[in-house]
Every structure is written in structure tokens, then in C-alpha cells.
Amino acid sequence: MTHPVDPAVEQAHADVLDLFRQNPVRDPVVDPAGLAAVCRAARDRLAAMPVLDADDPRAWTSYELITADVQMLLGYLREVDVPSSEPQRFRSLLVSVLWYLYKTGKDEPGVFLAEIVHRDWEARIGEPHADTLTAAERLSACLHARGDAKQALSLLKRVHLLRSRTRGDDDPGTLLTASNMGACLNYLDDFQAAFRLNEDTVRRCERRLGKDHETTILATKNLADTFCGLGMYRNALALYRDIHRRRERGAGENSLAALHAEANIAFALHKLGEHEAARAVNEALLPRFESVAGKDYLGTKRTRNQLGESLRALGREDEADEVQGRMPSSWPNRSR
């Protein structure tokens, strides 16, 4: 499903193009000051846009255009040594672009862009700066999604150390990092370490933030995933159902967060051998994913694949083949 580009984004894009048309890009060696002035003006124009919600599929078409502008501009900024770390609104925009790339499965460009941003901010505003640490977490998310969970975990450990030193172990930012570390441990199949960390993080989050806070729900989801890794599917199912109730209550029944939570219920049901129940959930879920995020969204593909697996377990091979086509049997779960 394609949504229209936000008018403010469209106008900013046009303004940036006009800046470069009216001031043709000069040789950075011959006229670095001229190019730097154009780059600053383009950076500040993009920074003036309202920052859209990168979790909202309706904003993804806009983010596709924003990302193209940002990728082009960052290359020029590096050439003429103009910082991407200012103004603050530009930092916020870049953080949102990185989250968009993660959410939409664009792992490779996400890693490439996040490494540039993180390196620049680390040098200019310092490694312990809150936005530098956020950029590091965005980089870790894209690394994790790409399959580099070990590298992502190493980066997150550094972020956790810096946050805990300055803010304490129960600070919301520190707790978010701990939760993300737990997701990496799950991916690496280190379920004993994941259980210890995720159980502790859930307890801390509930006490500090409350059960309905986003980080608490994320940590609870990680603990449920750990239970799956340990083969404790009943425990996982109970947590997934609790998360689904919280997601529906907080974000609405057709939010991506609620749809991912429901997909996890179906997964646990399938693992428990309750294939008809899993089929029913997935069959009802698939058109809702398609309506909200489109057929090519990873959550849609995962649900389509799970539906095929449930049908196959029920002996309905022809229907499973029709649903699945040639899709692989597993897809990354991006319900972070």
C-alpha cells in the first residue's frame, strides 16, 4: 500500500533541489566555502520539517523521499566538513530516518548510514551525548536485523555502560538498552543469559516505568521469546497474550504493534501443536497486515509464511503451497 508523500516533506525536498540548482555544486577543493554554505542551507531546510512518526506505515513513502535527500546530503557534508550533529532538529530527523530503515527492512543502507552518523556525532558532540548513544542503538538495531547480533550486542554493552554510569541502572534509557541486549542474546541462542537479563529487565521496568510503557512491553516480549527458545511455549503464550492486550489497549487493535503481538500468539500456538487455532489467527491476521502495511512488509510475509506452516501441519498441503509460494520458512521478527 502506497501512501501520499506529506506536503511538508514534498516542499522541503523541492526546496533542497532548488538550492543545489541555483547554486551548482562547486569543486570542494576549489570552492569549499561555497559548497559548505549550500550544504548548511539544505541541512537546515530539512531540519525545519516536522519529524514524522517512523513507526507509522502511512509515513513510509515520505521517509523514502527524506532518506534519499539525507543520503545525498551526508556525502556532501563530509566532503566540506560540515557537521551533521547540528542543529538538534537535524539530529532528530536522522534518528528517525535510521529507525525507518530498520522498521522497513532496509538493513544494509541502515547500517551504512548509521555508521556515518554515529562516527560523526561521536567526534563532534562526544560519545556519551544522549543523541550519540541513540545513534549507536539505531546502528545496533540495523546490525541485529542484518544478522550481526554479536556486533550489535557489543555496541549495546558499551551504550549500557555509558548510560548506567551517568543515569543509573533504572533510568528509562538504560532499561531500553538492557532490553535490546536481551533481544540480541535471544538471537544468539544464549537463552540462559537471556533469561537472567530479560527477567531482571522486566522486573525493573515494571517497577520504574509501569506495565504499559513501551520499554516494559518490549522487555516482556523478549522474555517470552526466551521462553520459546527454552521450549517453554505455555509460558511464552501467556506473555504474548498479555502483551497483545496491552498493545490493543494502548495503540489500537489494528496498530502494527498489536498485529505483531497477535502474530506471536499464533507462533506459540503452532509450537504447542494447536495448529487449527494458529491457522485461524493467521488467516484473520494476514489481510489486516496487508491493509495496514502492504504485502511486502516483513510482518505480512512472516504471517503469510506462518499461515502456510499451520495449513501444512493440518495436512492441507495444496493450500499451504498456494499461500507460501517459494517463501523461506522463517522471517526476521521486527516487532521491536
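**Stop 1: Ser140 and its surroundings**

Select Ser140 and display its neighbours: beyond residues up to four places away in sequence, Ser140 touches Ala152, Leu155 and Leu156, where contact means heavy atoms within 4.5 Å. This is a predicted model, in which local features need pLDDT of at least 70 and side-chain atom pairs count only at pLDDT 80 or more, while totals for chains, interfaces and linings use all residues. Residues are numbered from 1 along each chain as its sequence is written, and side-chain values use heavy atoms, with hydrogens and water left out.

Ser140 belongs to helix H6 (residues 130-146); helices are DSSP runs (H or I, at least four residues), numbered from the N terminus. Is Ser140 buried or exposed? Its relative accessibility is 1%, so Ser140 counts as buried; the classes are buried for under 20% relative accessible area, exposed for over 50% and partly exposed in between, with a 1.4 Å probe and protein chains only.

Now show the backbone of Glu137. Its oxygen lies 2.7 Å from a polar atom of the Ser140 side chain, a polar contact being a pair of N or O atoms within 3.5 Å; within protein, one must be able to donate a hydrogen and the other to accept it, and residues adjacent in sequence count only if both atoms are side-chain atoms.

**Stop 2**

Two packed helices are described by the angle between their axes and the distance between the axes. Select helix H1 (residues 7-22) together with helix H2 (residues 32-47): they pack at about 175 degrees, and their axes are 9 Å apart. The axes are lines fitted to C-alpha atoms, for helices over the stretch in contact, and angles run from 0 to 180 degrees between N-to-C directions. H1 is therefore roughly antiparallel to H2, a term for angles over 145 degrees.

To view the contact itself, show Ala8, Gln11, Ala12, Asp15, Val16, Leu19 and Phe20 on H1, and Val38, Ala41, Ala42, Arg45 and Leu46 on H2. Which classes of residue form the contact of H1 with H2? There are nine nonpolar, one polar and two charged residues. In this scheme Ala, Val, Leu, Ile, Met, Phe, Trp, Tyr, Cys and Pro count as nonpolar, Asp, Glu, Lys and Arg as charged, and the others, Gly among them, as polar.

**Stop 3: backbone features in loops**

Move to the loop between helix H3 (60-79) and helix H4 (88-103), where Pro87 is found. The peptide bond joining Glu86 and Pro87 is cis, with omega about -5 degrees. Asp81 is also to be selected in the loop between H3 and H4. Its phi is near 60 degrees, a positive value in a residue other than glycine, and Asp81 is exposed at a relative accessible area of 54%.

Next, go to Asp189, in the loop between helix H8 (172-187) and helix H9 (191-208). Phi of Asp189 is near 65 degrees, again positive in a residue other than glycine. At 55% relative accessibility, Asp189 counts as exposed.

**Stop 4: salt bridges**

How many salt bridges does a search of the whole structure find? The search finds 31, a salt bridge being a side-chain nitrogen of Lys or Arg within 4 Å of a carboxyl oxygen of Asp or Glu.

Begin with Glu274 and Arg234, whose closest N and O atoms are 2.9 Å apart in a salt bridge. Glu274 lies in the loop between helix H12 (256-271) and helix H13 (275-293) and Arg234 in helix H11 (residues 233-251), so the pair ties together parts 40 residues apart in sequence. Glu274 is partly exposed at 28% relative accessibility, whereas Arg234 is exposed at 52%.

Select Arg312 and Glu317 next: their side chains form a salt bridge with an N to O distance of 2.7 Å. Arg312 is partly exposed at 25%, and Glu317 is partly exposed at 36%.

Continue to Glu319 and Arg316, a salt bridge in which the closest N and O atoms are 2.8 Å apart.

Definitions and conventions
Helices (H or I, at least four residues) and strands (E, at least two) are DSSP runs, numbered from the N terminus. Angles under 35 degrees count as roughly parallel, over 145 as roughly antiparallel, 65 to 115 as roughly perpendicular and the rest as oblique.
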